[in-house]
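The stops below are given in the order in which to select them.

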Amino acid sequence: MRVWTTASVGMVLTAWAAAAHAAQTTDTYTTRINIQTTCAITVSDLDFGNVGVISTHTAAATVGINCSLGTAYSLSFSNTLAVTNYTGAMTNGPNSVAYSAALGSAGGIGPGTTSIMGLILPQPTPPTGLYTDNRTVYMNY
């Protein structure tokens, strides 16, 4: 009868493992990512807050610019023209509040941020209520 010791079992397993892996082959592969030029923007609301009587009021909105690093971009309030400021009206039914807004920057190299500065000048105060105007910021890159 043969007695197996820990050492003899280890030698048998080592010999078996070496025999099981007597040949080996390899292949290589490439890991890659192709970063393409792209941009996206996020714009916070231009909120003048709560007021009782209209006098001079200012507000600012933030434009977040998320572009592939080093991508040149331009911003506009028009999809066809380079418009960086405008005069508009926030309305509530037939009533309105006149205001103006301007981009802090018309473009640059992304990523980054800029602002929209809003201004309400003194005017007759219309009836109470929420006055709104919806606008779009266009980005070309």
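Start with T71, whose side chain reaches the backbone oxygen of S68 at 2.7 Å. This is a polar contact, that is, a pair of N or O atoms within 3.5 Å; within protein, one must be able to donate a hydrogen and the other to accept it, and residues adjacent in sequence count only if both atoms are side-chain atoms. The model is a predicted one: local features need pLDDT of at least 70 and side-chain atom pairs count only at pLDDT 80 or more, while totals for chains, interfaces and linings use all residues. Residues are numbered from 1 along each chain as its sequence is written, and side-chain values use heavy atoms, with hydrogens and water left out.

T71 sits in the loop between β2 and β3. Its relative accessibility is 8%, so T71 counts as buried; buried means under 20% relative accessible area, exposed over 50%, and partly exposed in between, with a 1.4 Å probe and protein chains only. Leaving aside residues up to four places away in sequence, T71 touches T37, C39, G108, I109, G110 and Y141, where a contact means heavy atoms within 4.5 Å.

**The disulfide**

C39 and C67 form a disulfide with their sulfur atoms 2.1 Å apart; the criterion is a pair of cysteine sulfur atoms within 2.5 Å. The torsion about the S-S bond of C39 and C67 is about 115°, so the disulfide is right-handed. The pair links distant parts of the chain, with C39 in strand β1 (residues 39-43) and C67 in strand β2, 28 residues apart. Both cysteines, C39 and C67, are buried. A search of the whole structure finds one disulfide.

**Along β2**

Next, select G64, which lies in strand β2. G64 has a relative accessible area of 17% and is buried. Draw a C-alpha distance from G64 to V43: the two are 6.3 Å apart in space and 21 residues apart in sequence. Not counting residues up to four places away in sequence, the contacts of G64 are A40, I41, T42, G112 and T113.

Now colour by secondary structure. The protein has one helix and eight strands, and from the N terminus on the elements run α-β-β-β-β-β-β-β-β. Helices (H or I, at least four residues) and strands (E, at least two) are DSSP runs, numbered from the N terminus.

Select β3 (residues 72-76) and β6 (residues 107-109), which run antiparallel and are joined by three bridges. Two strands pair if DSSP finds at least two bridges between them. Y73 stands opposite G108 in β6.

**The β4-β5 hairpin**

Move to β4 and β5, which pair in the antiparallel sense over eight bridges. Y86 stands opposite A101 in β5. At the turn, pick G93: the hairpin has two residues between the strands, and G93 takes a positive phi near 60°.

T91 is also in strand β4. Is T91 buried or partly exposed? At 39% relative accessibility, T91 counts as partly exposed. The C-alpha atoms of T91 and Y131 are separated by 4.8 Å, although the residues are 40 apart along the chain. Beyond residues up to four places away in sequence, T91 touches S96, L130, Y131 and T132.

**The nonpolar core**

Finally, show side chains for I65, L75, M90, Y99, I116, I120 and M139, which have the most contacts inside the largest nonpolar core, a set of 22 residues. Such a core consists of buried Ala, Val, Leu, Ile, Met, Phe, Trp, Tyr and Cys residues joined through side-chain atoms within 4.5 Å. Two or more residues come from each of β2 (57-67), β3, β4 (85-92), β5 (95-103) and β7 (112-120). The largest share, five residues, comes from β2.

Centre on Y99 to end. Apart from residues up to four places away in sequence, Y99 touches residues including L46, F48, M90, L119, I120, D133 and R135.
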